[in-house]
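Hello,

Here is the structure I promised to pass on. Have a look at it first, and then read on for what I found.

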Amino acid sequence: MNLEELRKIRENAEKNIELRQKKTRIKVVVGMGTSGIAAGAREVLKTFVEEIGNRNLLDVVVTQTGEKGLASQEPMIEILEEGKPAVVYGNIDKEKAKKIVAEHLVSNKPVLDYVIEAK
């Protein structure tokens, strides 16, 4: 591995950390409890971070939480947006995560097929 490759790895890591820590208008919360991780939550979290970064959505942050309490629906995510009801999605995989980014986060249209609760 050369110095340029190490710089790229560092830049990507810093960008991903920034996406996960900044205070913004929309928050994507991924359930990372034991059942969520067993069902693929790590890949879902990674997909959200990548898609949001690729689309340069500067007003969206991705974070994680513990067990969401509904193991049969894992991996679960929650979209928190100022002034709007929270939307909880269940049984999310990589492709569904990409669709949620494109439709909910970019076009402001929740993907009703995957919604398990709006509160």
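In helix H3 the buried residues are Ala41, Val44, Leu45, Thr47, Phe48, Val49, Glu51, Ile52 and Gly53. Please keep in mind that this is a predicted model. H3 covers residues 41-54, and its 14 residues reach 20 Å from the first C-alpha to the last, close to the 20 Å expected at 1.5 Å a residue. After the helix comes Asn56, which has a positive phi near 55°.

Phe48 also brings us to the largest nonpolar core: among its 24 residues, Val28, Phe48 and Ile77 touch the most other members. At least two residues of this core come from each of S1, H3, strand S2 (60-65), S3, S4 and helix H4 (94-106). The biggest contribution is that of H3, with 6 residues. As a general background, nonpolar side chains tend to be buried together in soluble globular proteins.

Beyond its neighbours within four places in sequence, Val28 is in contact with residues including Phe48, Ile52, Ile77 and Leu105.

Now for the strands. Strand S3 (residues 77-81) has 4 of its 5 residues buried, so it is largely enclosed by the rest of the structure. S3 runs antiparallel to strand S1 (residues 26-31), and 5 bridges join the two; Lys27 has Leu80 in S3 as its bridge partner. S3 also pairs with strand S4 (residues 87-89), again antiparallel, over 3 bridges, and here Ile77 stands opposite Tyr89. The hairpin of S3 and S4 has 5 residues between the strands, and Gly83 takes a positive phi near 75° there.

Enjoy exploring!

Best wishes

Definitions and conventions: Residues numbered from 1 in each chain as written. Predicted model: local features only at pLDDT ≥ 70, side-chain atom pairs only at ≥ 80, totals over all residues. Heavy atoms only, no water. Buried < 20%, exposed > 50% of the residue type's maximum accessible area, 1.4 Å probe, protein only. Pairing = 2+ DSSP bridges. Expected span 1.5 Å × (residues − 1). Core = buried A, V, L, I, M, F, W, Y, C linked by side-chain atoms within 4.5 Å. Contact = heavy atoms within 4.5 Å.
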